[in-house]
Amino acid sequence: MSAIEDNNHVILHCTLQNPLERRAKLQIVLRASEKVYCDRLDGIGVPPGTLGVYGKLQMHSAYTRTSWTRLGNDVAPGNERFWVQDPLDWHQGDRTVVSSSSYEAHQAELATLEEVNGHSIRIRERLLYRHLGVLQLSNIEILSFGSSQFPAVDIMSASSESFIISSSIHQSCGVGIQVVASSGLLLWDNVVFSTAGHGIHLDGQDHSLLRNLVVLSTHTPGASYWVAGIKTNTADNAHLCDNVVAGSERIAFHIRGQECFSAGEFCRDNVAHSSLHGVHLSGRDGFPNCTKIAGFLAYKNYDYGVMFHLEGDVVVENVILVDNSVGLLPVLFCRSTEPRCHLGKQHVELRNSVLLATSSSFDCLKDRIHPLSAPLTMRDRAPRSPWRGRVGILWPSFTSQPTCWPDHPWHKIRNYSAVLGIMKLQVELRALLDVDVTFAGFRKTCYSDDRDVCIMTSPDNRGLLHVITSKRTRMLQVNEENVFHFYPSQTG
């Protein structure tokens, strides 16, 4: 790094090849009032508390080998030492965040590193909650930026040369990273913590999100939409690989999915937990003919692991759903003017997936909490098992109308009796290759009356149940009485 004084201004030269030295610190502090605007540039308005870039901005510091990692052991409340999976080059005094491991997104905790020795970490504070999750350390740090109107990082009309790598955006008063009308953006190895709105919101096309961590995305009071940790449902050809959303007050991943027969793998090895919905698709999401949802592990989500209300056919594959109140909510709609709606050709397929009701890490006392967002979303609560256990799949619904939310909860539909459809658990693929769907651990757990159910009807069902077929579905540690539960049909 070099510095040049020019007309009483200091210009710091940091390049990708010659970044700010390790342990050196450069702070850019903006002090602003909401109604004060910079009007020095003719025709260009710069909102308060923002950096306006109308040319080129480069910010680089020394690259840490590992910006975040996973815990190597369970950490009990009161602990100040723990192990992580990767060797770290972090330092005393660095700030970290330990994400939530429960159904409550607000159990994320900030801590200060006291000692780092390879895989071993000691912090100055004592943790308040039990954690099974993730740590992070910032490289380029953006702290307390943004407002209710503006995100901390707002990218518009950016080219494919733009990227954000190994950086931290935290305590944002608005959205963390927002990308609009751009193409080919790379977000790699970043940490976004504590945003008032979406953690990462992408619009445009051909973006790549690789190994990003989003922790604690809070809902904006009065907002007509549901906040998401990562929101890509309006982007075309977004690639999501190895991303983790570890706590959102509403949705972890709000995605569009991919076309069923498109070439390439757009989604893999993503993790969603400590939210109300792990993976969410509804409204205008998806594709008219067939939508594929693949490549997710969703666990400890208070309502649904994966939920969708989409037009056309849907294929769900390579998902693992664990410790969710309801693992999968499948709802399809088909416009009544289309002949296929009345021929029974619309279908949901579940392939090569695992639904685990109660894992070995589920704590019968500490995991029976109600998130802070639960009372505010009570009307949208997922149907529960009458025996307090978890549900693998809510019986599929087929309707002639799009989602009725926000007038009705996510699982409630109208006019489903007019549309025919079928759900297939494990289908035969090319060359008669069998692909399994596995239900595991659906049994009595924790208490004598705490019983999990593989497949359950909605308490609001009107008596017509669409067909579910199964080929070579595996049941591991599942009792016969835990396979189905049928609520009495509602008439009138």
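Reader: Why is E125 called partly exposed?

Author: This is a predicted model. In it, E125 has 28% relative accessibility. Buried means under 20%, exposed over 50%, and partly exposed in between. The value 28% falls in between, so E125 counts as partly exposed.

Reader: What makes E125 and R95 a salt bridge?

Author: Their closest N and O atoms are 3.7 Å apart. The cut-off is within 4 Å, so the pair qualifies. The two residues sit in distant parts of the chain, 30 residues apart. E125 is in the loop between β7 and β8, and R95 is in strand β5.

Reader: Why is R95 called partly exposed?

Author: R95 has a relative accessible area of 41%. That lies between the limits of 20% and 50%, so R95 is partly exposed.

Reader: How do you know that R256 and D236 form a salt bridge?

Author: The N to O distance is 2.5 Å. The limit is 4 Å, so this pair counts. R256 is in the loop between β22 and β23, while D236 is in strand β19.

Reader: Why is E349 called buried?

Author: E349 has a relative accessible area of 9%. Buried means under 20%, so E349 is buried. R351, at 16%, is buried by that rule too. R351 and E349 form a salt bridge, with the closest N and O atoms 2.7 Å apart.

Note on methods. Residues numbered from 1 in each chain as written. Predicted model: local features only at pLDDT ≥ 70, side-chain atom pairs only at ≥ 80, totals over all residues. Heavy atoms only, no water. Salt bridge = Lys/Arg side-chain N within 4 Å of Asp/Glu carboxyl O. Helix = DSSP H or I, 4+ residues; strand = E, 2+ residues; numbered from the N terminus. Buried < 20%, exposed > 50% of the residue type's maximum accessible area, 1.4 Å probe, protein only.
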